[in-house]
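Please look over the sequence and the model first, and then follow the text from one contact to the next.

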Amino acid sequence: MQHHGLFKSALLAGCLTGAALPAQEAADLVAPEAASSQTATWTEGLTAASVAALSAKAQGAPVTSDNWMVAAAHPLAVEAGARVLRDGGSAADAMVAVQSVLGLVEPQSSGLGGGAFLVWYDAESGEITTLDGRETAPAAATPRLFQTPDGKPVEFYDAVVGGRSVGVPGTPALMQKAHDNWGTAPWDSLFAEAITLSEEGFTVSPRLAELVAGDAERLSSQAAMAAYFLPGGSPIAQGQILRNPAYGESLRSMAQDGAQVFYHGSIAEGIIETIAGF
């Protein structure tokens with residue numbers, strides 16, 4: 001499927017939706033990105049502020065700010081959010097930029113094919129608002145979806161790997177709703193970094209390389225996943241430049257027409273087609 005980059009990679013995050021919590025917990029045992037003796041092999045191109053923050057984190061030192069701060073699982077996503085805030089955007093705007101990059105650079109844990117929750121605190125009013133963007137079961141789901149024909153539970157990875165564990169993505173709708181409610185920057189300006197990184201490439205981090213290598217066998221079960229994560233039959237390596245122009249193309253559609261492209265039209269049809277054959 002052309003838009004394989006839309007999803008969390010199957011297996012690394014519980015097959016597209018993140019529904020398989022044990023698989024996600026296994027991924028979480030691998031520490032978030034941090035500076036190390038091999039930092040130079042994957043942080044080239046980051047701003048000096050990001051490299052300094054990573055170094056401070058690795059040394060156990062605090063990172064401080066007088067006005068605002070962005071915290072995310074990957075420094076490229078942090079930089080995208082920081083750019084939005086520096087340009088006068090709101091926290092909701094920054095979230096859209098951060099999430100768009102995370103879906104590219106850490107597909108094992110985050111993606112537009114999954115779900116999310118958001119807690120919004122309004123400092124002026126003291127009001128707290130929550131948005132529930134968790135995936136929902138498809139209309140065709142039945143109580144016996146994860147049972148064998150004789151009524152026994154399907155084996156864990158038989159359930160996780162494949163289309164039956166895929167829910168209707170909630171993250172795109174949450175991003176749109178948050179921007180509608182609290183955004184101040186133009187919607188289409190929030191995807192710039194993610195599109196550029198998709199088309200020009202980003203450097204594979206230690207965490208992504210380790211998780212792909214650990215799940216190489218299961219990632220080979222679907223042609224598009226194998227071509228992306230296991231080019232030439234070998235897992236992507238730390239320091240390698242990885243491009244995903246299909247993801248960038250999908251983001252361009254989302255930037256132009258909003259989150260509805262995930263629920264109607266060619267992208268939605270492609271998701272359904274892939275799920276049906278997976």
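Which backbone oxygen lies 3.0 Å from a polar atom of the side chain of Arg-83? The backbone oxygen of Ser-189 lies at that distance from the Arg-83 side chain.

The model is a predicted one, in which local features need pLDDT of at least 70 and side-chain atom pairs count only at pLDDT 80 or more, while totals for chains, interfaces and linings use all residues. Residues are numbered from 1 along each chain as its sequence is written, and side-chain values use heavy atoms, with hydrogens and water left out.

Arg-83 lies in helix H3, residues 75-86, where helices (H or I, at least four residues) and strands (E, at least two) are DSSP runs numbered from the N terminus. The side chain of Arg-83 also makes a polar contact with the side chain of Glu-193, at 2.6 Å; such a contact is a pair of N or O atoms within 3.5 Å, of which, within protein, one must be able to donate a hydrogen and the other to accept it, and residues adjacent in sequence count only if both atoms are side-chain atoms. Leaving aside residues up to four places away in sequence, Arg-83 touches Ser-189, Leu-190, Ala-192 and Glu-193, with contact meaning heavy atoms within 4.5 Å.

The table sets out two helix pairs, with axes fitted as lines to C-alpha atoms over the stretch in contact and angles running from 0 to 180 degrees between N-to-C directions.

| Helix pair | Angle | Axes |
|---|---|---|
| H4 (residues 91-105) and H7 (residues 192-200) | about 20° | 8 Å apart |
| H4 and H6 (residues 171-182) | roughly 160° | within 8 Å |

The angle makes H4 roughly parallel to H7, whereas H4 and H6 are therefore roughly antiparallel to each other; angles under 35 degrees count as roughly parallel, over 145 as roughly antiparallel, 65 to 115 as roughly perpendicular and the rest as oblique.

Ala-116 stands opposite Gly-133 in E2, and the two strands form a hairpin with six residues between them, in whose turn Gly-126 has a positive phi of about 80°.

Key. Pairing = 2+ DSSP bridges.
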